[in-house]
Amino acid sequence: LLEVNNKENTRRERQLAMLLEQGSYFHNLSKSEQTAYINESYKNGLSPHSNCPTTKLTNCNADQDAIKICAAGGINTFHECLEGICPNCACALTSLLGLDCFRMRMVRFIRTNKDGIFGNLLLSPYEDKQNHLIHKPRIYMNYDGDLVPTIDEDSEYWVRTYEETNKT
């Protein structure tokens, strides 16, 4: 049990570090780059049905000190803490930074390639196999919190994804 808890803590710590990095990265982009980042996020799962305008999300993310304070509370309470700086849009902001606030899992890590084109580096092996046109190399976070290069098939990834998705 201790080993499982340590792996879960490692995964949460890495996700939190990635989340903070995304917030800082997005904050330091120009307005046009932020727009490109947001558009790429929509292509990679950011909900277009959010009632939170992107200008509000950008403004909320500008308070990097408050985001760091929320991060100090841990990944499980991160989006709840953000309600104080981004009322009614905390989950949308969390999602913009790449964390699915319902499954508590990093799903996007947006970066530019050498040509300045934004893309998601963090994909499942299946998504990588289906989309050969974006950034290489690609990575995904396995359930032990390790960032690993994508491969064509990873049965352990899919077994754990299924188990996590179908928890009762």
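1. Is the link of Cys70 and Cys81 left-handed or right-handed? In this predicted model, the torsion about its S-S bond is -75°, and the link is left-handed. The sulfur atoms of Cys70 and Cys81 are 2.2 Å apart, and the pair links distant parts of the chain, with Cys70 in helix H4 and Cys81 in helix H5, 11 residues apart. Because its relative accessible area is 4%, Cys70 is buried, whereas Cys81, at 32%, counts as partly exposed.

2. The structure holds four disulfides, and one of them joins Cys60 to Cys86, with an S to S distance of 2.2 Å. The torsion about the S-S bond of Cys60 and Cys86 is about 85°, so this disulfide is right-handed. Cys60 lies in helix H3 and Cys86 in the loop between H5 and H6, so the pair ties together parts of the chain that are 26 residues apart in sequence. Both Cys60 and Cys86 are buried.

3. Another disulfide joins Cys91 to Cys101, with an S to S distance of 1.7 Å. Here Cys91 sits in helix H6, while Cys101 sits in the loop between strand E1 (99-100) and strand E2 (105-106), 10 residues apart. Cys91 counts as partly exposed at 24% relative accessibility, but Cys101 is buried, with a relative accessible area of 7%. If the bonded cysteines of the protein are numbered in sequence order, the pairing reads 1-6, 2-5, 3-4, 7-8.

4. Helix H4 (residues 64-72) deserves a look from both sides. Gln64, Ala66, Ile67, Cys70 and Ala71 are buried, and they cover an arc of only 160° around the axis, which puts them on the same side of H4. On the other side of H4, Asp65, Ile69 and Ala72 are exposed. Just after H4, Gly74 takes a positive phi of about 105°.

5. The largest nonpolar core has 33 residues, of which Leu19, Tyr37, Leu57, Phe78, Leu93 and Leu96 touch the most other members. The elements that give two or more residues to this core are helix H1 (2-27), H2, helix H3 (54-61), H4, helix H5 (78-82) and helix H6 (90-96), and the largest share, five residues, comes from H1. Leaving aside residues up to four places away in sequence, Phe78 touches Leu16, Leu19, Ile67, Cys70, Ala71 and Thr94.

6. The aromatic pairs come to three. Phe26 and Tyr37 form a tilted pair, 4.8 Å centre to centre with 50° between the planes, and this pair links helix H1, which holds Phe26, to helix H2, which holds Tyr37, across 11 residues. Phe26 counts as buried at 0% relative accessibility, and Tyr37 counts as buried at 0% as well. Tyr37 also pairs with Phe118, edge-to-face, at 6.4 Å centre to centre and 85° between the planes; Phe118 lies in strand E4 (residues 118-120), 81 residues from Tyr37. Phe118 is buried, with a relative accessible area of 8%. Ring pairs link Tyr25, Phe26, Tyr37 and Phe118 into a cluster, and Arg111 lies over the face of Tyr25, at 3.8 Å from the ring centre.

7. Finally, Ser41 lies in helix H2 (residues 31-43) and is buried, with a relative accessible area of 0%. Not counting residues up to four places away in sequence, Ser41 touches Leu46, Leu96, Arg108 and Ile110.

Notes
Residues numbered from 1 in each chain as written. Predicted model: local features only at pLDDT ≥ 70, side-chain atom pairs only at ≥ 80, totals over all residues. Heavy atoms only, no water. Buried < 20%, exposed > 50% of the residue type's maximum accessible area, 1.4 Å probe, protein only. Helix = DSSP H or I, 4+ residues; strand = E, 2+ residues; numbered from the N terminus. Arc of directions from axis to C-beta. Contact = heavy atoms within 4.5 Å. Core = buried A, V, L, I, M, F, W, Y, C linked by side-chain atoms within 4.5 Å. Phe/Tyr/Trp six-rings, centres within 6.5 Å; stacked < 30°, edge-to-face > 60°. Lys NZ or Arg CZ within 6 Å of the ring centre and 35° of its normal. Disulfide = S-S within 2.5 Å.
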